[in-house]
Amino acid sequence: MQLDVATVFIREWRYLEGERRETFLAERRRYEERFRGLFREGRELGELRTDLDDATSTLLALSAANWAYTWLRPARTPTSSPDRFFTFLLDGMRGYSTPA
């Protein structure tokens, strides 16, 4: 686990300037679009709620993941909390599909 790297990645990008900042933001937008695409595909395949909003789901999932560095601890086994968290998040996105 690289909590120190994740912490810097999540928190310190704001201090980048110029081309480095633009490169970082472009990569972040590309990454976010991949997540939106996954939610869109899951919805279209009937695996996720039909009323699931791709942008909101992406914001929720990435926001939760981005704060993992605050609750993941190297001394703690990494399987229990993340697994429960993922199950809870995904179950809510599966939920009850609205009629198409």
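## Helices, salt bridges and buried residues in a predicted model

E27 and R30 lie three residues apart, about one turn of the helix, within helix α2 (residues 18–44); helices here are DSSP runs of H or I with at least four residues, strands are E runs of at least two, and both are numbered from the N terminus. An α-helix has 3.6 residues a turn, so residues three or four places apart point the same way. The model is predicted, so local features need pLDDT of at least 70 and side-chain atom pairs count only at pLDDT 80 or more, whereas totals for chains, interfaces and linings use all residues. Residues are numbered from 1 along each chain as its sequence is written, and side-chain values use heavy atoms, with hydrogens and water left out.

### Overall make-up

The secondary structure consists of five helices and zero strands, which gives the pattern α-α-α-α-α when read along the sequence. Of the 100 residues of the protein, 23% count as buried, the term standing for under 20% relative accessible area, with exposed meaning over 50% and partly exposed lying in between (1.4 Å probe, protein chains only). Among contacts with a separation of 6 or more, 55% come from residues 24 or more positions apart, a contact being a pair of heavy atoms within 4.5 Å.

After α2 comes G46, which has a positive phi near 80 degrees.

By the rule that a salt bridge is a side-chain nitrogen of Lys or Arg within 4 Å of a carboxyl oxygen of Asp or Glu, the count comes to seven salt bridges. One of them joins E27 to R30, with the closest N and O atoms 2.4 Å apart. Another links the side chains of R40 and E33 at 2.9 Å, N to O, and a further one brings together the side chains of R49 and D51, also with an N to O distance of 2.9 Å.

| Residue | Relative accessibility | Class |
|---|---|---|
| E27 | 39% | partly exposed |
| R30 | 44% | partly exposed |
| R40 | 29% | partly exposed |
| E33 | 34% | partly exposed |
| R49 | 26% | partly exposed |
| D51 | 38% | partly exposed |

Through salt bridges that share partners, E33, R36, R40, R43 and D54 are joined into one network.

### Helix α3 and its buried face

Helix α3 (residues 54–66) has 13 residues and reaches 18 Å from its first C-alpha to its last, close to the 18 Å expected at 1.5 Å a residue. The residues D54, S57, T58, A61, L62 and A64 of this helix are buried. Seen down the axis of α3, these buried residues fall within an arc of 160 degrees, so they line one face of the helix; the arc is that of the directions from the helix axis to the C-beta atoms.

Two polar residues of this helix can be followed individually. S57, which is placed in α3, is buried with a relative accessible area of 4%, and a polar atom of its side chain lies 2.8 Å from the backbone oxygen of D53. Such a polar contact is a pair of N or O atoms within 3.5 Å, in which, within protein, one must be able to donate a hydrogen and the other to accept it, while residues adjacent in sequence count only if both atoms are side-chain atoms. Residues up to four places away in sequence not counted, S57 touches F39, L52 and M93.

T58, likewise in helix α3, is buried with a relative accessible area of 3%. A polar atom of the T58 side chain lies 2.8 Å from the backbone oxygen of D54. Leaving aside neighbours within four places in sequence, T58 is in contact with E32, F35, R36, F39 and S63.

### The nonpolar core

The largest nonpolar core is made up of seven residues, namely F39, L48, L52, A61, L89, L90 and M93. Helix α5 (residues 80–94) gives the most to this core, with three residues. A nonpolar core is here a set of buried Ala, Val, Leu, Ile, Met, Phe, Trp, Tyr and Cys residues joined through side-chain atoms within 4.5 Å.

Technical notes:
The expected span of a helix is 1.5 Å times one less than its number of residues.
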